[in-house]
Amino acid sequence: MISNETSEPLEDCAEVPRLPELSTPVILKNVWYEIEKLKNAPTWQLTTGHRSETLAKYPDFTVVLVLMKATTVMSKHRVSGRTSISVIQGRIEVHLFEEQTLHLSAGEILMMDKGITHDVQALEECAFLLTIAGIPGSI
């Protein structure tokens, strides 16, 4: 089954997730459409920070689209699973533990092992895909 904006919920699952369209066997999304949808939402116009939308959420694998306004920060945190940050638009800084700073631009991807403490700062308005794998219920 392929999931998109009009998918039907899974019928053969013993335990149906809260948002079944996020865990169908195949999910197809257009990232540019999802970015525009988030930017056109009233909450994007009102908020001063960031917005996100979960695109897929399986027990051990999650994909989230994140939009951040210029100069905003996702504060210091760490994730239990392996993580990737794939920059789609704009530029960000990722501050890792031990005072290392990585600069990422559109088209670049950062992969981190589990448990690495970091924060993310938008140098300009940006969009990136955050992927977390390997840990059930990781976000």
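Is Leu 55 buried or exposed in this structure? Because its relative accessibility is 7%, Leu 55 counts as buried; the word buried stands for under 20% relative accessible area, exposed for over 50%, and partly exposed for anything in between, with a 1.4 Å probe and protein chains only. Before going on, please keep in mind that this is a predicted model, in which local features need pLDDT of at least 70, side-chain atom pairs count only at pLDDT 80 or more, and totals for chains, interfaces and linings use all residues. Residues are numbered from 1 along each chain as its sequence is written, and side-chain values use heavy atoms, with hydrogens and water left out.

Let's stay with Leu 55 for a moment. This residue is found in strand β3, which covers residues 50–58. Setting aside neighbours within four places in sequence, Leu 55 is in contact (heavy atoms within 4.5 Å) with Leu 22, Ile 27, Lys 29, Glu 34, Val 63, Val 64, Leu 65 and Leu 129. Glu 34 sits 21 residues from Leu 55 along the chain, and their C-alpha atoms are separated by 8.9 Å.

Now step back to the whole chain. You can count two helices and 11 strands, taken as DSSP runs numbered from the N terminus (helices are H or I, at least four residues; strands are E, at least two). Their order along the sequence is β-β-α-α-β-β-β-β-β-β-β-β-β. Of the 139 residues, 39% count as buried. Among contacts with a separation of 6 or more, 64% come from residues 24 or more positions apart.

Next, look at strand β6, residues 82–89. β6 pairs with β11 (residues 126–133) in the antiparallel sense over seven bridges; pairing here requires that DSSP finds at least two bridges between the strands. Within this pairing, Gln 89 has Ala 127 of β11 as its bridge partner. β6 also pairs with β9 (residues 109–112), again antiparallel, over four bridges, and there Thr 83 stands opposite Met 112.

Finally, turn to the nonpolar cores, sets of buried Ala, Val, Leu, Ile, Met, Phe, Trp, Tyr and Cys residues joined through side-chain atoms within 4.5 Å. The largest has 19 residues, and Met 68, Ile 85, Ile 92, Val 94, Val 120 and Phe 128 have the most contacts inside it. β4, β6, β7, β9, β10 and β11 each supply at least two of its residues, and β11 gives the most, with four. Another core, of 10 residues, lies apart from this one and includes Trp 44, Ala 56, Val 63 and Ala 127.
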